[in-house]
Amino acid sequence: MLKCHIVQDLLPNYIDGLVSKETEAEIQQHLQECKACQAIYTQMSTPTDAPSTIADRREIDFLRKIRRRFTEKLLLSVAGIVLVLAIVAYFIAIGSPVNQNHLVYKTEVKGDLWQLDLELTNNKALLVRTEPLYGEANANGIRPVIGTLLKPYQLVPSPLLEAENKSFMYGTQLDSFEREDYKIILRLDDGDVTFTGDNFNQ
Ligand SMILES: [Zn+2]
């Protein structure tokens, strides 16, 4: 047996024939057995105004009700998503900048490639964000890319990250360093390490 407040919530839809056959049958049964709901049903289904006004009002009530339910659901969904994202972000995306004491880095030249190897030594997971470095704008207002900024972050190890996620390799064409303004910047918590044509192989 349906509860009274549910029946009363459903009455406008019931009167407009918008409920399923099963719900309709249950409401009918409830109305036969419940005086209170029956009275409300009679009141709601008896036109006191011009029929079109009643229909309009029912439609408005109906839409209002849908909108309210939709809003409630939407708010719940948004809250849920935000919570999940916050948890995921905490474990994956947000880390703290890496300190030089916790990072071993070495440079290598392999053929025409220059390579920078990073390894975290504090058992946390390593995430390196890379951003292009831009030079001065040229005559067309375009700022050329003149290198890369590497920003290592240490993260709480999580089941979502591979356990081996402690090292990172960055590679670039060796002849890039022939450009005077070319640089690779390794941004650590305690300062930048900058590799240019003068010191790329140190
Ligand atoms: Zn009832």
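**Notes on a predicted model with helices first and strands after**

1. Let's start at Leu-149, which sits in strand β5, residues 145-155. A word on conventions: this is a predicted model, where local features need pLDDT of at least 70, side-chain atom pairs count only at pLDDT 80 or more, and totals for chains, interfaces and linings use all residues. Numbering starts from 1 along each chain as its sequence is written. Helices (H or I, at least four residues) and strands (E, at least two) are DSSP runs, numbered from the N terminus.

2. The cut-offs are 20 or more other C-beta atoms within 10 Å of a residue's own for buried, 12 or fewer for exposed, and anything in between for partly exposed, with C-beta atoms placed from the backbone. Leaving out residues up to four places away in sequence, Leu-149 touches Thr-130, Glu-131, Leu-133, Ile-185 and Arg-187. Contact here means that the two C-beta atoms, placed from the backbone, lie within 7 Å. Pro-132 is 17 residues from Leu-149 along the chain, yet their C-alpha atoms are separated by 6.0 Å.

3. Now the overall layout. The protein has four helices and eight strands, and along the sequence they come as α-α-α-α-β-β-β-β-β-β-β-β. Of the 202 residues, 12% are buried. Taking contacts between residues at least 6 apart in sequence, 60% join residues at least 24 apart.

4. Helix α1 (residues 4-15) passes a simple length check. Its 12 residues should span 16 Å at 1.5 Å a residue, and the end C-alpha atoms are 16 Å apart, so the two agree. The expected span is 1.5 Å times one less than the number of residues. After α1 comes Gly-17, with a positive phi near 70°.

5. Which residues of α1 are buried? They are Val-7, Leu-10, Leu-11 and Tyr-14. These cover an arc of only 145° around the axis, which means that they lie on the same side of α1; the arc is taken from the directions from the helix axis to the C-beta atoms. Their cover includes α2 (21-33) and α3 (35-45). Tyr-14, for one, touches Val-19, Glu-24 and Ile-27, again not counting residues up to four places away in sequence.

6. Those four turn up again in the largest nonpolar core, whose seven residues are Val-7, Leu-10, Leu-11, Tyr-14, Ile-27, Cys-37 and Tyr-41. The elements giving two or more residues to this core are α1 and α3, and α1 gives the most, with four. By nonpolar core I mean a set of buried Ala, Val, Leu, Ile, Met, Phe, Trp, Tyr and Cys residues joined through C-beta atoms within 7 Å. In soluble globular proteins, nonpolar side chains tend to be buried together.

7. On to the strands. β2 (residues 103-110) and β3 (residues 113-120) pair in the antiparallel sense over eight bridges, where pairing requires at least two DSSP bridges between the strands. Lys-110 stands opposite Leu-113 in β3. The hairpin of β2 and β3 has two residues between the strands, and Gly-111 there takes a positive phi near 65°.

8. What is the strand order of the open three-stranded sheet? It is β2-β3-β6, with antiparallel pairing. β2 and β6 (167-173) are the edge strands, each with a single partner, so one side of each has no neighbour in the sheet. Neighbouring strands are turned by 15° against each other on average, direction ignored; the axes are lines fitted to C-alpha atoms (for helices over the stretch in contact), with angles running from 0 to 180 degrees between N-to-C directions.

9. Trp-114 in β3 is the bridge partner of Val-109, and Thr-172 in β6 is the bridge partner of Trp-114. Seven bridges join β3 to β6, and Asp-117 stands opposite Met-169 in β6.

10. Asn-123 has a positive phi near 65° although it is a residue other than glycine. Most residues other than glycine have a negative phi. Asn-123 lies in the loop between β3 and β4 (125-134), and is exposed, because 10 other C-beta atoms are within 10 Å.
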